[in-house]
Each structure stands twice: as structure tokens, then as C-alpha cells.
Amino acid sequence: MGVAVSFENLSFTYAGAPRPSLSGVSGQVDEGSFVVIMGHEGAGKSTLCYATNALVPRFFRGDYAGRVTVLGTEVAQSRVADMSRQVGLVLQDFEAQLFSTSVELEVAFGLENMCLPREEMEQRIDRYLRFVGLADMRRREPASLSGGQKQRLAIASVLAMEPRVLVMDEPTTDLDPAGREEVLSVADTLRQERRTLLVVDHDPDAAIEADQVWLMREGQIAAQGSPRQVLTDLALLEACGVQPPSTVALFEAMGWPGRPLTVDEAIALIQAHGLARPQPLTLDAAATAAGPAIVEVLDVDHVYPTRSVEALRGVSLRIGQGEFLAIVGQNGSGKTTLAKHLNGLLRPTRGEVLLDGRPLQSIRRTEIAQHVGYVFQNPDHQIFANTVREEVAFGLKMAGLDPQTIEERVAEALAAVGLTGYEEEVPFTLTKGERQRVAVASVLAERPRVIILDEPTTGLDYRHQRSMMEMLRRLHRQGHTVVIITHSMWVAAEYAERMVVMQGGRVLLDAPTRAAFAREDVLAQASLRAPALLRLGNWLGTRALTLADMVEELKAR
Amino acid sequence: MTAVLTMWKNTRMIILVAVCAAIYAAALIAFKTAIPLIPGITEVRVANIFPMVFSLLFGPAAAWGTAIGNLIGDIFGGTLGLGSIFGFVGNFLLGYLPYAMWTTLKPLANGERAITFAGWRFPVLYAVLAFVSSAACGVVIAMWLQVLGLVPYQVLSTIITVNDTVASLIGVLLLLAVYGVVQKQLRLLWWEVMDPADIGQPIAGTVGAWLVVVGAVAGWILGAYLFTGQALIIGIVATVIILVGSALL
Amino acid sequence: MNIFLYLDENTWFHRLDPRTKIIGVLLLFGLPLAFNDPRYVGAVALGLVALGAAAKALPNFWRMRYLLLLLVLFSSVLWPFFAKGPTPLWSWGPLEVSRESLLFGIAMGLRLASFVAAGLIFLSTTTNEEFTQGLIRLRLPYPVAFAFSTALRLVPTFAGAGATIVQAQVSRGLDLESGNVFQRGRKFIPLAVPLFIYAVRHTNLLAMALESRGFSPLAQRTWYVQLRMRRDDYIALAVLATLFVAAVALRLAGYGAVLPRL
């Protein structure tokens with residue numbers, strides 16, 4: 001088997017950047033093999049992807065040293081347009097890589113650039129749209145597709161050029177669980193066809209089937225090896241900011257033999273060695289009584305004026321003082337629509353929302369903001385000011401508070417999110433995780449009792465996800481009521497006390513977190529799946545939600 | 001002038017055209033029906049805070065982007081017509097003149113493309129160019145719509161000039177907020193995106209810039225207030241002066 | 001909301017080659033332009049309504065009904081003060097309204113409405129791809145056509161982002177409904193800045209994605225959408241050209257104008 005991609009001592013520093021993004025990276029991807037690259041944000045994963053098709057150094061300029069060859073061609077000597085025949089690149093942002101007005105034209109674009117005749121284009125469009133399961137959407141506008149469909153379209157339009165190597169840079173990061181499954185199953189078919197695949201992913205699950213896993217850290221390769229070698233080295237994974245497989249972590253903490261990468265493997269090992277005995281799961285029946293209700297949603301329907309589909313159907317929800325609530329469900333299940341009713345951004349078509357027993361409609365906007373704060377998914381949708389201080393103070397200024405109070409509140413909010421000392425920084429220059437915190441601080445500054453966050457961890461790497469959630473936990477302990485909307489099952493499991501599962505505009509399940517995750521059948525109905533640790537916990541009959549608690553519980557048995 | 005044509009060789013500049021056009025069009029459509037001044041012709045154009053900012057950042061991409069964005073605004077607004085032809089030209093000038101005159105309107109200009117916000121030069125030059133580019137846009141569009149017999153020159157030239165000047169002046173806040181990000185994070189200032197060899201030199205920059213000033217200011221004041229009877233002739237002559245001046249930049 | 005005006009029908013108009021439609025709509029623009037007598041322009045306008053019905057574009061006419069109505073009313077009120085005619089009807093100080101100028105105003109309103117109507121028929125029957133492809137075949141350079149169609153594709157994306165941004169800022173207490181023009185203008189900054197940054201961040205990503213798919217601005221390429229002029233296309237163009245010539249001839253012969261010099 002030949003070598004498809006070879007990196008030889010590659011270093012690269014973006015023009016104007018203070019530090020190199022890659023320093024001395026070497027590695028080989030064999031033809032027909034599947035390599036997964038993992039690492040923290042800023043580890044150089046994307047830069048490595050760009051180096052395979054000449055975007056680095058032709059599109060992004062900077063200091064380039066070393067050599068990259070693809071099927072014998074030296075990349076740095078070639079134009080991006082020429083490399084595109086050899087290397088197909090799929091990007092994380094499914095929004096920004098589609099630019100045509102219909103699905104079939106999107107696929108045709110690359111083929112037109114290759115000067116293929118029309119008949120050939122038609123065959124390829126047919127073949128590859130069928131391959132990714134979009135054959136019946138040829139005339140649709142890409143903008144009208146779901147996230148998973150958009151990403152599959154991006155893959156099809158790259159595949160149609162029939163490159164020898166396919167590189168995907170975090171293709172599933174921005175997707176909901178269903179979209180993620182769709183894309184992973186396409187990737188799996190490609191793997192089985194023995195295509196050369198280089199995929200950046202943050203989830204160890206995606207790496208289990210790989211031929212090789214490369215761990216990156218600070219622009220260097222920290223480890224290269226089989227999934228079993230790399231994914232079982234917990235200390236190394238931690239150091240590279242990658243979430244370790246929880247089954248491996250559990251076995252290590254329990255001192256059990258073997259390092260299983262999947263739940264099935266773990267169960268087999270436990271049975272083979274008689275490590276623990278499954279018990280029926282017993283949970284306290286009654287939901288822990290929360291404090292007095294702050295927000296109550298009473299039998300609400302919502303219909304968007306421009307779409308005839310009901311986004312919410314007969315939804316009731318009570319949010320008590322001091323709760324930590326997670327709302328989960330697929331995109332389009334109505335979770336964001338529901339959340340926007342909690343602070344009056346949307347009004348119910350039917351039914352009522354109460355704040356402290358008063359109808360929300362009768363309360364002024366500025367007053368609602370002091371009770372219920374809402375942090376939007378993308379911090380960039382709200383950041384506009386030139387300093388962090390000004391950004392956080394915005395709502396307070398709008399409310400007409402005096403400068404002294406504003407100053408105090410800003411300091412307090414920044415302290416709460418761990419950004420003290422960032423007052424004079426330019427928000428746009430901060431990392432995504434920090435910008436997310438600025439957005440949270442600007443809502444916290446109004447001292448709301450309830451704080452709602454839409455996808456607070458999406459787009460952050462594991463470390464930043466952790467620190468964001470730890471910060472929310474601190475706020476919760478200080479007495480804030482926290483509501484998060486999330487796709488991330490482990491986030492819900494480790495941090496939320498109660499979980500609301502939405503599907504098709506209805507509340508499918510509303511239960512304490514552990515009880516909710518015990519209902520694997522109901523979750524499956526909403527196309528969700530409990531995190532690996534809890535699936536194992538369901539089998540073992542443990543009540544714990546976190547690794548530490550599970551270890552303690554199992555040891556106490 | 002050269003850069004306006006050579007920019008089509010550069011992928012980033014082409015995308016910037018599309019992005020500028022889409023922002024401008026989205027904003028135009030969002031506020032299209034809000035406060036119509038002359039139905040089907042013009043409205044209070046909140047969107048006009050963008051063109052001058054685009055221009056100083058993205059140069060030639062802003063000229064094409066503003067022109068195409070206005071056309072798309074007409075398409076989505078349902079007001080695509082013969083008027084759209086000079087709507088294209090006028091809006092092109094709105095995106096073209098600020099950056100092209102920024103370096104050439106001497107002695108107000110000092111020839112530097114990069115903006116220094118401190119000192120007297122920035123506010124003065126910005127205000128002058130906000131007014132001149134708006135008036136140039138107003139004269140060109142009003143002349144054409146009078147030729148088509150759609151709207152009297154006097155009315156439209158004044159509306160466009162005043163409206164766009166005010167909007168461009170408000171736009172300075174946007175420029176202050178985004179200049180640093182575009183320069184340092186996004187690295188998309190036009191003279192850094194384009195190959196220096198493609199940018200070229202003005203044919204007669206300072207002469208062109210002052211021709212545009214004279215054509216725009218005189219065309220508006222004389223045609224709309226002093227010699228209203230000869231508005232059409234004045235509009236045509238002023239348009240020719242503005243276009244010749246622009247070509248020299 | 002669907003901001004595109006295209007109506008997915010299969011009429012004779014929909015099937016025409018986009019080049020025919022582009023040239024055709026330009027010829028149609030010429031008809032109301034030839035006259036300034038409301039009876040003649042009115043006839044053109046009625047003809048366009050009939051054409052609209054045949055192209056099944058009337059839903060869009062209905063969607064634009066207020067605009068169309070306003071055009072006629074506004075123009076009828078505005079023009080009489082600027083166009084001078086020989087038969088005075090009413091005067092007040094320097095302001096004077098004549099019979100001819102009033103008729104002229106009505107004609108101008110109808111002319112504007114006719115433009116809008118012709119444009120609507122075109123947009124109702126032409127997809128974005130066809131429009132772009134038509135422009136390319138009419139010798140518009142590819143990079144320009146590409147920028148145009150990409151912009152068309154991005155408008156809904158940015159409009160959606162804009163709507164989210166408004167919600168995000170309103171939920172932080174931004175009040176868009178008070179203040180004078182300048183104060184209100186300033187309030188657009190918290191909306192304009194995030195929209196701008198969001199959109200411009202797209203630029204580098206899009207440019208990367210483009211080049212990664214083999215795009216190179218001046219290179220040769222082939223086309224997926226194929227256009228072919230059929231017999232119907234030539235018939236349509238011939239009919240429209242004849243109408244256009246006839247209209248110009250009528251006007252030159254002295255018909256169809258209340259104010260012959262305008």
C-alpha cells in the first residue's frame with residue numbers, strides 16, 4: 001500500500017501570529033487508511049488539514065518549513081485549485097461552505113471547475129447525492145436543509161470531484177445528535193470502501209474504528225497509534241484536552257482489568273471477570289421538590305406566523321427557584337422555541353406564561369430582563385462593543401442605571417464568569433469560550449434570578465466545555481436558577497438536576513436527570529442516547545450521574 | 001480605477017463583493033417597507049450606514065458589492081425596473097468614491113490608505129466624503145429618473161443626498177467598532193488582500209477627486225435649488241463630470 | 001418568510017430561455033416609456049396584467065398591491081407641481097397645476113407601476129440559477145455572475161442572522177422604538193456591528209471552501225445548466241420587438257403624449 005499523505009517536519013506560523021500553529025509535525029497516512037486527529041482548540045488540527053490541499057501556504061500566508069506530499073506531489077508547489085483534484089476538504093462550518101442556490105448546482109460547482117462535460121456531471125451528481133442520501137432533494141435550496149443534510153451535501157459535493165484523499169475538519173461539531181449520526185454513517189461507508197480518510201473529531205466514539213489516532217497538542221503530535229493505544233492513555237488524553245472514553249476511565253478508577261472502548265466491550269469484560277453484578281435500578285420516585293415556581297408555562301401552543309407547523313403543542317412546564325434544568329431534543333423539536341417563551345421573546349399562540357404568578361405579557365421588557373436572562377447560542381450575535389466593560393454594561397445603560405452601580409455590577413458579573421481583569425480587552429479578539437463568557441456576564445450583570453442558556457457548550461473544546469459548565473454550577477450554587485438547552489448528553493447528565501426531553505413540539509419526558517436517562521426507550525424515541533457511562537450504569541443499576549459518584553457507589557457495594 | 005477591474009482575479013475580493021452585497025440587500029429589504037419616502041423609488045434607507053464603511057475597508061469590492069446589493073434589494077423588493085440601471089451606477093459610486101478619494105482628495109487627504117483615527121484629518125475627510133459621495137449618488141440617480149420621467153430631479157436628488165449623508169455619518173460608529181477586527185483578526189483590508197501589483201495608480205487622482213466634488217455639489221445645489229428649470233441639463237452635465245472624475249481616480 | 005418571488009409553475013413563460021426573458025423584460029420596460037398619456041400607458045399596464053395572469057404571476061401582484069397602488073397615487077400628487085402644461089386648473093402662489101400635468105402625473109404613476117409589473121413577471125418565472133446563467137450567456141464575466149448569485153444565496157442567511165441579533169439585543173434591553181432620527185440611528189449600531197462581523201467572518205471560510213473545490217476566477221469551466229433557444233423564444237422576442245418598434249413609431253408620429261416635450 002502506498003503513502004497517501006506524508007508530513008515531513010512541517011512547521012507553520014500564520015502571518016502576524018505570535019506563535020507557530022504547527023511545529024515539527026511528521027506523520028504518514030497510508031492509502032486506504034482512516035486517520036482521526038484529536039486535540040484541544042488551537043492545537044493545530046485545522047492548520048494540518050489546510051496543509052494537505054495547499055490552503056496553507058497558498059491561501060493563508062506565513063512562515064512555512066518542512067514538506068507535505070500528497071500521492072507524491074509536493075503540496076507547497078501546487079495551486080489550491082489543482083490540489084482540489086487530489087484532496088477533498090470538508091469544513092466544520094456547514095453554513096459557510098455552501099454557496100449555490102440549489103442542491104444539484106452545489107454538487108455541480110466543483111465539476112464545472114474541472115471542466116467535465118454535462119453528461120458526466122449528471123452521472124456524478126446522481127451517484128453522490130444518492131450516496132449521501134439526498135437524491136430526492138436535488139432542487140431544494142441548500143439554505144432550507146437541516147444541519148446534517150447541509151454537511152452531507154458538502155461531503156457529496158467534495159466526493160463528486162473523486163479526490164483520492166478526503167479530509168474532514170470537525171464535520172460533526174456543530175450538528176445535533178441526529179445530524180451527527182447521519183454524517184458519521186456516511187463516513188463509515190467511506191471507511192468500508194477503503195477510501196483514504198483524514199478526519200478531525202473531538203469525540204472518542206468517532207475514533208474507535210480508525211486505523212490510527214493522532215493526538216495533537218500545542219502544534220505538535222503528542223501521540224500516534226491505534227485507537228486502543230491512544231484512547232486508553234488517560235493522562236495523555238487529559239493533557240491534550242480530549243475527553244477520555246468514560247468506560248476506560250471507569251475501569252481505570254475501579255482498578256479493573258482491561259480498557260474497554262465501548263459499552264458492549266465493558267459489559268463483556270465485567271461478565272467475563274465477574275467484576276460487578278447488575279442490579280435493578282431503584283430511584284426515589286418523587287421528584288425533589290424545588291422552591292416556589294418562578295416561571296410557569298401553562299398549556300402553551302406556538303405557531304410561527306410564516307410556517308404552518310406548530311412549533312409547540314400543549315407544553316406545560318414549571319421552573320422552581322434554585323433548579324438546574326436541561327432541555328434536550330433534536331433541532332426542530334421546539335426546545336429553543338420553548339426557551340424563548342420563558343422570557344417573553346416569543347408569545348404563546350395559545351396558553352399562558354407566568355412570571356411569579358403574573359402573566360408575562362403584562363410585564364415590561366426591561367423588568368423581565370431583571371428576572372429572566374437569556375444567553376443566545378452564538379455570542380457573536382450580540383457582541384458589538386469595543387471593550388468587554390462596555391459590552392457587559394450595555395443592558396444596564398439601557399435600563400438607565402447610574403455609573404457607580406453599573407461599575408459595581410460589571411465587576412461582579414465579570415468575577416462570576418472568571419473574566420476579572422479583562423475589562424479593557426476587545427471582545428472580538430477573545431477566544432470563542434471567552435466570548436461566550438462575556439455574553440453570559442452581560443446577562444448576569446442585570447442580576448436575573450433565572451438564567452437561560454442556549455447551547456452553552458457548542459463549538460467549545462472539552463476543556464472549555466468543562467470550565468463553562470463549572471462556572472454555571474458555581475452560579476447555581478450561589479442561588480441562580482439555571483436552564484440550559486443542550487445537545488450534549490454528558491453535559492446534561494453531569495450538571496442538570498432535572499431534564500426535559502422535547503420532541504415534535506411536545507414535552508416527551510420531564511424527570512430528574514438520572515430517572516430520565518434510565519428511560520432509554522423514550523430517549524430513543526427522541527433520537528437521543530444516554531452517555532456511555534449511564535448506559536453502563538443502567539445495566540449495572542447504579543444511581544450515579546458522574547464518574548466519581550459511580551466509582552464510589554460501586555466500591556460501596 | 002485599475003483595482004476595480006483587477007479585483008476580479010482575487011477569490012477573497014469576489015467573496016467580499018457577495019458578502020457586502022448580501023448585507024446591504026438584507027438591510028435594504030428589512031427596512032424597505034418601513035418608511036417609504038417615494039413609494040417604489042426610495043425610502044428612509046437605514047441600510048446606508050453600510051456602503052461608506054464597506055468602501056473604506058474593502059475598496060473596490062465595496063463598490064461592486066453596494067451596486068449589486070442595491071440591485072438585489074430591487075429584485076426582492078419587486079421594484080426591479082429601468083431605474084435599477086442608474087441605481088446600480090449611483091450605488092457603485094457610493095461604494096467607490098470614499099476609498100478612491102480617501103487618498104486623492106488633497107490637500108485634505110494625505111495619501112495614506114490606512115486610517116488614523118486620531119487628529120483632525122479623519123473626521124474632516126470622513127464628513128466631506130460622506131457628503132460628496134452621497135451627493136454624487138443622488139445626482140446620478142435623480143438625473144436618470146428624471147430622464148425616465150419617474151420622479152422630479154429636485155425632489156430625488158435632495159432626498160438621496162440628505163438621507164445617505166446622514167446614514168454615512170452614523171456609519172462612522174460602525175467603522176470605529178469594526179476597523180481593528182477587520183485589520184487584525186480577519187485581515188481583510190482590501191489593499192492587504194489584493195496583490196500590490198494589481199492595485200495600480202490613479203490616472204490623475206487629485207484632479208479626478210476635485211472634479212467629482214464639483215460635479216456632485218454643484219449638480220445638486222444648482223439643479224435642485226438655483227436653476228430648477230434646467231434641472232435635467234444640469235443633472236446630465238454633473239453626471240458626466242462625476243463619471244469622468246471617477247475614472248481618473 | 002420566503003423572500004424569493006419565484007413561483008414554481010410550468011407556464012409557457014417559465015419555459016422560455018432566460019436570455020429571452022432578460023431581453024424581453026427590457027423591451028417591455030420600453031413600452032410604458034414611449035408614452036406619457038395615461039390612456040396609452042394604462043393600456044400597456046392592462047396588457048401587463050393580462051401577461052401576468054398568463055404567467056400565473058398574479059399572486060405576486062397581489063403581494064405588492066399596496067406598493068402598486070401607492071405608486072400611482074403618489075406620482076399623481078407629486079408630478080403636477082413640477083411638470084408645467086398649457087391649461088391651468090388651479091394655482092396658489094408659485095404652485096400651479098394644469099390639466100396636462102395632472103394627466104402626466106397619472107401616466108407617470110402607471111409607468112412606474114408597469115415597470116414593477118414587468119419586473120414581477122420576470123422574477124415570478126425565473127429561478128436565480130436561470131437568471132445567473134442567462135447573464136453569463138449574455139457575456140457577463142463569470143466572477144461577476146458568481147458574486148451575484150452568491151449574494152442572492154447569502155441574503156436569506158444574513159437576514160436570518162439579523163433577526164436573531166435583533167432578538168438577542170432586545171432581550172438585553174435594547175429599545176428600538178423611541179428617540180429621534182439620530183438616536184435611533186445610533187441604536188442600529190448594536191445590531192449592525194454583530195451582523196457585519198458575522199457576515200465578514202464568512203468571507204475567509206467561503207473563499208477557502210471555494211478554492212478547495214477547484215475555483216479559480218479566470219480559469220476555463222463548463223456549465224451544468226444548459227440553455228437552448230427554441231422556436232418559442234424567437235417568436236416571443238419577435239413579438240416584443242415588434243411591439244416596441246410600434247410604440248416608438250406611434251410616439252414619433254405624435255400619439256400618446258399629453259406633454260410632448262417630456
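This is a predicted model: local features need pLDDT of at least 70, side-chain atom pairs count only at pLDDT 80 or more; totals for chains, interfaces and linings use all residues.
1. Some bookkeeping: residues count from 1 along each chain as its sequence is written, and chains are lettered from A in the order written. Local features need pLDDT of at least 70 and side-chain atom pairs count only at pLDDT 80 or more, while totals for chains, interfaces and linings use all residues.

2. Start with chains A and C. Their contact takes 52 residues from chain A and 45 residues from chain C (a contact means C-beta atoms, placed from the backbone, within 7 Å). Several helices of chain A each supply at least two residues to that side, including H2 (55-59), H5 (118-131) and H15 (388-398). Helices here are DSSP runs of H or I, at least four residues, numbered from the N terminus. H4(A) gives the most, six residues.

3. By class, the side of chain A touching chain C has 29 nonpolar, 16 polar and seven charged residues. Nonpolar covers Ala, Val, Leu, Ile, Met, Phe, Trp, Tyr, Cys and Pro; charged is Asp, Glu, Lys and Arg; the others, Gly among them, are polar.

4. Chain C is assigned domain 1 (1-126 + 233-262) and domain 2 (140-228), with bounds from an automatic or database assignment. Their centres, over C-alpha atoms, are 32 Å apart. Four residues of domain 1 are in contact with four of domain 2; on the domain 1 side, two are nonpolar, none polar and two charged.

5. In chain B, have a look at helix H7 (153-185): it kinks by about 40 degrees, centred on B:Val178. That bend is the angle between axes fitted to the seven residues ending at a residue and the seven starting there. Just after H7(B), B:Arg187 has a positive phi of about 55 degrees.

Methods: Two residues are in contact if their C-beta atoms, placed from the backbone, lie within 7 Å.
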